[in-house]
Amino acid sequence: MASVKEKTKQNGKAPEAAKTQHPKERYMYWYESMQLQRKFEEKAGQLYGQQKIRGFCHLYIGQEACSSGSYSALTKDDKWITAYRDHGIPLALGSDPKAIMAELFAKQTGSSKGKGGSMHIFDKSVNFVGGHGIVGAQIPMGAGIAFSEKYNKTGNLCITFMGDGAVRQGALHEAFNMAMLWKLPVIFVVENNGYAMGTSVARTSNVTDLYTLAEAYDMPSEPVDAMSVEAVYESVSRAAERARAGEGPTFLEFRTYRYRGHSMSDPQKYRKKEEVEEYKMRDPIEQVKDSILKQGIASEEDLAAIDLRIKGIVDEAVKFAEDSPYPGPEEAYRDVYMQEDYPFLME
């Protein structure tokens with residue numbers, strides 16, 4: 001009999017989920033949400049090339065099903081935390097695109113008042129507890145947020161995203177152990193896009209089926225074809241049901257792919273163009289578009305109208321960011337833990 005690893009490993013792809021009928025509203029949300037993320041990120045890439053966005057910039061292009069599929073499976077009161085590839089998730093949650101774009105521009109009107117930039121977006125209004133730049137640091141933080149939800153008996157959970165490179169951090173194992181011991185309502189998600197920066201998963205570990213790492217803690221886990229928004233929705237729904245029932249955490253391996261480099265400075269010499277094109281043949285937006293058209297949920301003209309409206313939203317966000325002011329010098333002393341009467345502060 002083939003082992004679990006042998007049965008599930010299909011050239012990096014998760015087993016395809018059975019197609020399930022979903023409501024029209026859900027399909028339309030998926031299309032609009034993923035298309036907004038795609039067009040926003042494409043524009044961000046252009047603006048980075050024009051040096052209007054500076055510093056590091058990690059685009060989410062290709063991974064949109066991870067955020068949109070997860071959002072539709074959870075409630076508005078659940079908490080979200082991720083790493084520094086963090087533009088897509090707040091857009092899926094409903095953050096104002098103008099505030100996200102202004103943050104990329106480091107403007108005062110940004111979601112983090114221009115202090116976080118691309119890597120540290122935060123939006124309390126949609127329960128997005130931020131993008132975090134230290135690899136793996138958000139994993140125990142996500143467990144801690146889940147502990148708070150359980151302690152306060154809210155019935156909510158925390159979904160905690162990480163990249164495939166973060167699973168090499170010791171903090172993951174510490175968080176997994178405590179989360180299982182205390183049965184915390186947390187969904188751990190590794191967005192496995194195949195490369196930790198420029199190093200493939202196969203070059204960093206003997207264990208390439210990352211979801212099996214949870215087996216050491218008796219944590220439920222599964223691989224997910226995250227190029228399919230339906231598969232993402234279904235896996236997160238199952239994990240959320242377990243979490244709310246008091247059964248503790250789940251570890252999901254979202255097998256996804258980023259079409260662009262790790263960051264905008266990445267020359268991508270570690271992979272072939274043919275590999276990228278192969279994944280584009282399974283593009284999550286095109287898959288949803290195909291489902292919508294085949295089921296008669298909307299017409300080509302309807303979707304074209306949505307595309308045009310999204311273009312307007314992104315253009316408006318860019319104008320808002322360009323017209324917004326930079327933070328003043330006084331902002332350096334705001335929104336930080338600082339004792340007002342600290343005796344050693346030099347004027």
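The protein has an average pLDDT of 92, and 93% of its residues score at least 70. The structure is a predicted model. Residues 1-11 have a pLDDT below 50, and this stretch makes 16 contacts in the model beyond near neighbours in sequence. Where pLDDT is low, the predicted coordinates should not be read in detail. The points below concern helix H6 and the second largest pocket.

**Helix H6**

- Helix H6 covers residues 138-151, a run of 14 residues.
- From the first C-alpha of H6 to its last the distance is 20 Å, close to the 20 Å expected at 1.5 Å a residue.
- The buried residues of H6 are Gln138, Ile139, Gly142, Ala143, Ile145, Ala146 and Glu149.
- Viewed down the helix axis, these buried residues fall within an arc of 160 degrees, so they line one face of H6.
- Lys153, which follows H6, has a positive phi, near 55 degrees.

**Second largest pocket**

- The second largest pocket holds about 290 Å³ of space.
- It is lined by 20 residues, of which Tyr84, Gly163, Asp164, Gly165 and His262 are the closest to the pocket centre.
- Strands S3 and S5 (195-196) are the elements that contribute two or more residues to the lining of this pocket.

Notes. Residues are numbered from 1 along each chain as its sequence is written. This is a predicted model: local features need pLDDT of at least 70, side-chain atom pairs count only at pLDDT 80 or more; totals for chains, interfaces and linings use all residues. Side-chain values use heavy atoms; hydrogens and water are left out. pLDDT is the predictor's confidence in each residue, from 0 to 100. Contact means heavy atoms within 4.5 Å. Helices (H or I, at least four residues) and strands (E, at least two) are DSSP runs, numbered from the N terminus. The expected span of a helix is 1.5 Å times one less than its number of residues. Buried means under 20% relative accessible area, exposed over 50%, partly exposed in between (1.4 Å probe, protein chains only). The arc is that of the directions from the helix axis to the C-beta atoms. On a 1 Å grid over the protein atoms alone, a cavity is a set of points where a 1.4 Å probe fits but cannot get out, and a pocket is an open set with protein on both sides within 12 Å along at least five of seven lines; lining residues have an atom within 4 Å of a point. Grid points are joined across faces, edges and corners, and a volume is the space filled by probe spheres set on the points.
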